Amino acid sequence: MMNRETLRTLLPHREPMLLIDEAERTEPERAVGRVHIKGDEWFLQGHFPGNPVVPGVMLCEMLAQTCCVLFSAESEGLTPFFTGLDKVRFKGQVKPGDTLEIECAITRSKAPFYFASGKGSVGGKLCVSADFSFALIKADGGKQETNS
């Protein structure tokens with residue numbers, strides 16, 4: 001299992017947007033990851049006072065970052081950009097003290113587009129699931145036309 005230090009060498013994300021703590025490729029098209037929610041994360045500030053809950057959009061980003069581990073070897077000079085989210089379902093809250101266990105798989109691809117499905121659980125209870133797509137785009141100093 002790769003730690004944050006190793007992930008920084010593979011993924012283009014940096015703090016505060018590097019969200020996953022550990023990840024590994026388990027099969028050629030499957031990856032698992034973990035996020036340990038400590039309670040001091042920037043996205044918990046104000047969401048919600050007295051009842052901090054990880055925002056759903058952050059859970060989706062955690063799924064996507066875990067999936068990006070699958071492209072670390074062949075994506076040098078490329079940046080992954082979300083192109084779509086579909087069938088997103090939130091089934092449980094993720095709170096400080098929780099460890100989100102993530103499983104993702106590429107379901108199909110037609111370069112530069114990749115389609116994946118993922119799910120995140122806490123203590124064996126499903127909290128989030130989604131189908132998503134992204135494109136690997138050549139890095140050009142921030143002039144990409146695709147939004148993320």
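This briefing walks through the sheet, the nonpolar core and the aromatic rings of the structure above.

The model is predicted, so local features need pLDDT of at least 70 and side-chain atom pairs count only at pLDDT 80 or more, while totals for chains, interfaces and linings use all residues. Numbering starts from 1 along each chain as its sequence is written, and side-chain values use heavy atoms, with hydrogens and water left out. Helices (H or I, at least four residues) and strands (E, at least two) are DSSP runs, numbered from the N terminus.

**The sheet**

- Six strands make an open sheet in the order S1-S2-S4-S5-S6-S3, with antiparallel pairing; two strands pair if DSSP finds at least two bridges between them.
- Strand S1 (22-27) and S3 are at the edges with a single partner strand each, so one side of each has no neighbour in the sheet.
- From one strand to the next, the twist averages 25°; axes are lines fitted to C-alpha atoms, for helices over the stretch in contact, and angles run from 0 to 180 degrees between N-to-C directions.
- S1 and S2 form a hairpin with two residues between them, and their antiparallel pairing runs over five bridges.
- Ala23 stands opposite Gly33 in S2.

**The nonpolar core**

- A nonpolar core is a set of buried Ala, Val, Leu, Ile, Met, Phe, Trp, Tyr and Cys residues joined through side-chain atoms within 4.5 Å. Buried means under 20% relative accessible area, exposed over 50%, and partly exposed in between (1.4 Å probe, protein chains only).
- The largest such core has 38 residues, and Ile20, Val54, Met62 and Phe132 have the most contacts inside it.
- Two or more residues come from each of strand S2 (30-36), H2, strand S4 (99-110), strand S5 (113-122) and S6.
- H2 gives the largest share of this core, seven residues.
- Val54 touches Ile37, Phe43, Leu44, His47, Leu59, Met62 and Val94, not counting residues up to four places away in sequence; contact means heavy atoms within 4.5 Å.

**Val122 in strand S5**

- Val122 belongs to strand S5 and counts as buried because its relative accessibility is 17%.
- Leaving aside neighbours within four places in sequence, Val122 is in contact with Val94, Asp98, Thr99, Leu100 and Cys127.
- The C-alpha atoms of Val122 and Thr99 are separated by 6.0 Å, although the two are 23 residues apart along the chain.

**The aromatic rings**

- The structure holds six aromatic pairs. Rings of Phe, Tyr and Trp (its six-membered ring) pair if their centres lie within 6.5 Å; planes under 30 degrees apart count as stacked, over 60 as edge-to-face and the rest as tilted.
- Phe71 and Phe134 are an edge-to-face pair, 5.5 Å centre to centre with 80° between the planes.
- This pair links distant parts of the chain, 63 residues apart: Phe71 is in the loop between helix H2 (56-68) and strand S3 (78-90), and Phe134 is in strand S6 (residues 125-138). Both Phe71 and Phe134 are buried.
- Phe132 and Phe134 form a stacked pair, 6.4 Å centre to centre with 25° between the planes, and both are buried.
- One aromatic cluster is made up of Phe71, Phe82, Tyr114, Phe132 and Phe134.
- Arg108 lies over the face of Phe115, at 3.9 Å from the ring centre; a charge sits over a ring if NZ of Lys or CZ of Arg is within 6 Å of the ring centre and within 35 degrees of the ring normal.
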